[in-house]
Amino acid sequence: MQISLRLDGDCVRAFHVTLLERLAALEDVELSVDVRPAGGGIPRSAAALFQLETAIHGLSHDGLAKRVPLSALAPYRQSPASPDLVIDLCGDVRLESTRIWRVTYDGASGEAALLALILAGRTPLARIEENGVAIAAGRLGTEYGGIALASFQDMLARTASLIIAAMSGAARSVPDLPEPAQPGSPPPMPSAGKLGVRAGKALARRIVQKIYHLCYNAPHWKVGWRQTGGRDLFDLRAHPASGWQELPDDGSRFYADPFPILYQGQLTLFVEDYIHRLGKAIISAVPFGPAGPLGRPEPVLELPYHLSYPFVFERDGEVWMVPESCANGTVDLYRATAFPGGWVKEATLLSGVVASDATLVEHGSAWWLFATVRDGGGAFSDALHLWSAPDFRGPWTPHPKNPVLIDIASARPAGRMVRRGNDLLRPVQDCRRSYGAALGIARISHLDLIGMEQVVETILNPGALWSGRKLHTLNEAGGFEFIDGSAIAPRWKQRARD
């Protein structure tokens, strides 16, 4: 197949080179480029904004938004007269005899449209359209809300993922959501001509945020717990009227990602134990009695790199854990030899992959592993990948349609999946406002080697019954239910304790 990539020759970026390299790696593909100037691109003021953000936030100078010379496209010939397919990044191709895939963001084409959406605080819906019909779609996201350059680069990376997924027939749809993550309508998308004003306001906000982060440990997460009395959030679909009790911390650390397990009659809660001074987390555990925690969490697993999301489960009479270790580029399986400690590594389930919040479930005579993957850069939370295996120890095989979902509002796991009758319910993170901002409950309607489909039925936000700015994880065991979210803690309190 002869494919032509239409891009603006006046603004060639590392993103274009990366996309071409990924397309070239596909079988039976011959590539060419159409580099005519497109006009109407990102205004020059955006470059100044990017430079300032790079300096303030310590961003890399070699990201996907980096301008590269036109000569970087020399390995690819100019477009043939009649390619089989044109991938149009500019929105200006008009060829009656050729298939055209037009890339749009909330219906508009081009980098200026994407940046305008980012500066308006939107989570763009990217679509690849052929004759006005979407053949692939994804809700793009970032963990760097409020930093235009980082968000722009994350969404460019995921645009490349979406295009590659479309080539294999994946990522054909994005699920509808029951309601927005926060009240009210999102701000209107500014026109390209207003980007200078918008960028100036965004820069002012970034400076204020930088000062804020110098004064506070933000976010400072906290764990909430309660006794369910037989009705959990999967039943209530709302915060309980009684609210939540909090697992106390000393201010120099926070607890997050609560995973309880009832083993040999004892309920034990495992948490991410993040020490602000060290800038990384370990896994700690605390036993629970009828009235709550019996002491404070104590370390049970520490490695040279950051650990979180301690996915614990019982199988074959033993307790196993798959902690998140994306900082090591692996997904590893551990076994407890002296529960709740004595963890020994039994297997590496996946390697060479930046996978977040690996969540296992047994379904349809197979084991499935759900995780969001930072595929070719981009966000950590918007591209859901699946693997299957005959046993939880492996070997694990990637799903042929990966990524099965690109959606910042419902891709990333948020806890164990549970069954209600014939339904398989999946907690998901809604990261449209920011990472871990809200908690969704999705019903999986289809899961096999053909694909995965889910319907997000409920979105829960922080509020009067769960104070703070985020709601992030949901798990239960032994008649107790646990969530987490974020607060703030002044750094000077931490220093007083050091």
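Okay, so H1 crosses H4 in a right-handed way, meaning the near helix is turned clockwise from the far one by less than a right angle. This is a predicted model, where local features need pLDDT of at least 70, side-chain atom pairs count only at pLDDT 80 or more, and totals for chains, interfaces and linings use all residues. Residues are numbered from 1 along each chain as its sequence is written, and side-chain values use heavy atoms, leaving out hydrogens and water.

Helices here are DSSP runs (H or I, at least four residues), strands are E runs of at least two, and both are numbered from the N terminus. H1 covers residues 14-24 and H4 covers 148-167; they pack at about 20°, axes 10 Å apart. Axes are lines fitted to C-alpha atoms, for helices over the stretch in contact, and angles run from 0 to 180 degrees between N-to-C directions. That makes H1 roughly parallel to H4 (under 35 degrees; 65 to 115 is roughly perpendicular).

Now, how does H2 sit against H4? H2, residues 44-57, packs on H4 at about 105°, with the axes 8 Å apart. So H2 is roughly perpendicular to H4. On the H2 side you've got Leu49, Phe50, Glu53 and Thr54, meeting Ala148, Leu149 and Phe152 of H4 (contact means heavy atoms within 4.5 Å).

Four strands form an open, antiparallel sheet, in the order E25-E26-E27-E28; strands pair if DSSP finds at least two bridges between them. E25 and E28 are at the edges with a single partner strand each, so one side of each has no neighbour in the sheet.

Key: Parallel < 35°, antiparallel > 145°, perpendicular 65-115°, else oblique.
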